[in-house]
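Q: I have a structure open and want to talk it through. Keep it short, please.

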Amino acid sequence: MSSISKPYTCTLSPAMLKKAEVELHEDPKTRHLEIKTLRERLEQVPGYRGRTDDGFLLRFLRCKKFDQERAFQQVMTFYKMKIDYPEIFDGLTPKRTQSLMESGHFGLLKHRAPDGSRISYIRPGRWDPAKHPPDELFGNQFLILSKMIEDEETQVCGLTVVADLKDFGWHQAKYYTPSVARKKATLFQDAFPMRFKAAHYLNEPTFIDALFAIAKPFLKNKFLKRIHMYGDKLEKLHEILPREILPEELGGTQPTFSNDEMVAEMLACEQQFVEENKYGIVDMTIPAKEQKKADATEALGGTFRKLNVD
């Protein structure tokens with residue numbers, strides 16, 4: 001049985017359940033009803049062919065603190081994003097991004113932050129845009145985060161980002177255009193069901209202000225307030241993330257970072273993501289030029305936009 005069709009069983013510890021209650025307004029007694037309510041609303045959307053299993057919908061409810069309207073809108077944005085950006089999502093699987101994963105550009109630290117959040121470790125200097133365009137970069141990050149968010153503790157505690165910009169140069173930064181910034185904001189700020197806790201930047205290049213000037217119009221204030229820059233001052237990072245959980249290249253006591261284990265895990269999930277790609281939203285609108293040709297029966301069905309829906 002795939003993780004998509006697996007029945008939901010809560011895996012949170014009593015401490016995590018309490019945290020979810022306080023921070024996310026989650027009530028185990030009404031959790032099933034909340035999921036059922038969201039599912040029924042989605043099933044009423046013409047053309048909705050997205051996932052409706054408990055585990056999937058619960059991610060969005062937790063991300064939006066069990067606000068039904070906000071969770072509904074985020075699910076719709078999540079699938080609309082896949083329509084809007086076929087260059088990222090058509091046929092997206094781990095094997096397609098294997099080379100980029102193996103470069104060590106993006107990974108997850110083994111230890112959590114003191115607040116319980118998972119820590120993603122980004123090294124943009126390892127990105128070769130001549131081999132891997134920005135769309136592949138986003139797709140790779142999306143796949144890894146999608147696997148990570150299956151974990152319930154991460155759904156409750158969120159994600160902390162550590163980005164070391166050492167060796168990140170203009171030959172990479174020049175690809176960061178307003179359209180790319182907008183796309184990234186849509187993917188990871190508006191659509192993905194993740195609680196973003198903080199982003200810590202190290203070894204920023206001299207042109208970092210120019211890059212953030214491009215990104216700022218697309219970022220919400222709460223995200224901007226959670227971005228911190230330390231230059232080469234590792235001790236500032238250690239005030240937030242203790243050395244005991246960081247790899248040695250970040251001044252920590254853990255071994256040098258390797259994402260080999262993560263890459264193997266992702267490649268083992270190839271079929272899961274093949275199955276995931278079957279879900280989406282079918283565009284039920286009729287193009288204006290075809291409206292006059294459509295009879296009553298055709299009008300009910302509409303036209304199907306290609307989304308690999310079986």
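Q: Where does Glu152 sit?
A: Glu152 is in helix α8, residues 152–157. The model is predicted, with local features needing pLDDT of at least 70 and side-chain atom pairs counting only at pLDDT 80 or more, while totals for chains, interfaces and linings use all residues. Numbering starts from 1 along each chain as its sequence is written, and side-chain values use heavy atoms, with hydrogens and water left out.

Q: Is Glu152 buried or exposed?
A: Glu152 is buried, at a relative accessible area of 5%. Buried means under 20% relative accessible area, exposed means over 50%, and partly exposed is in between, using a 1.4 Å probe and protein chains only.

Q: And what does Glu152 touch, beyond its sequence neighbours?
A: Leaving aside neighbours within four places in sequence, Glu152 contacts Tyr8, Thr9, Cys10, Thr11, Leu12, Leu58 and Arg62. Contact is heavy atoms within 4.5 Å. Leu12 is 140 residues away from Glu152 along the chain, yet their C-alpha atoms are separated by 6.6 Å.

Q: Salt bridges next. How many are there?
A: The count is 20. The rule is a side-chain nitrogen of Lys or Arg within 4 Å of a carboxyl oxygen of Asp or Glu. Side chains of opposite charge can pair when their charged atoms come close.

Q: How far apart are Glu26 and Arg31 in their salt bridge?
A: It is 2.8 Å from N to O between the side chains of Glu26 and Arg31. Both ends are buried: Glu26 has a relative accessible area of 2%, and Arg31 has 10%.

Q: Which residue pairs with Lys147?
A: Glu150 does, at 3.1 Å, N to O. Glu150 is partly exposed, at 26% relative accessible area, whereas Lys147 is buried at 15%. Elsewhere, salt bridges that share partners join Glu26, Arg31, Arg62 and Glu152 into one network.

Q: And Glu249 with Arg123: what is the distance?
A: Their salt bridge is 3.9 Å, N to O. This pair links distant parts of the chain, 126 residues apart: Glu249 is in the loop between α13 (234–238) and α14 (260–268), and Arg123 is in the loop between β3 and α7. Glu249 counts as partly exposed at 29% relative accessibility, while Arg123 counts as buried at 11%.

Q: Switching to the sheet. What is the strand order?
A: The order is β2-β3-β4-β5-β6, an open sheet of five strands with mixed pairing. The edges are β2 (106–108) and β6 (227–229), each pairing on one side only. On average, neighbouring strands are turned by 20° against each other, direction ignored. Two strands pair if DSSP finds at least two bridges between them.

Q: How many bridges join β3 to β4?
A: There are five between β3 (residues 118–122) and β4 (residues 159–164), which run parallel. Tyr121 stands opposite Val162 in β4.

Q: And how many join β4 to β5?
A: Six, again with parallel strands; Asp164 stands opposite Leu202 in β5. Three bridges join β5 to β6, which run parallel, and Ala199 has Ile227 in β6 as its bridge partner.

Q: Why is β5 described as largely enclosed?
A: Strand β5 (residues 196–202) is largely enclosed by the rest of the structure because six of its seven residues are buried.

Q: Which strands does α7 lie across?
A: Helix α7 (residues 134–148) lies across β2, β3 and β4, running at about 10° to β2. Axes are lines fitted to C-alpha atoms, for helices over the stretch in contact, with angles from 0 to 180 degrees between N-to-C directions.

Terms used. Helices (H or I, at least four residues) and strands (E, at least two) are DSSP runs, numbered from the N terminus.
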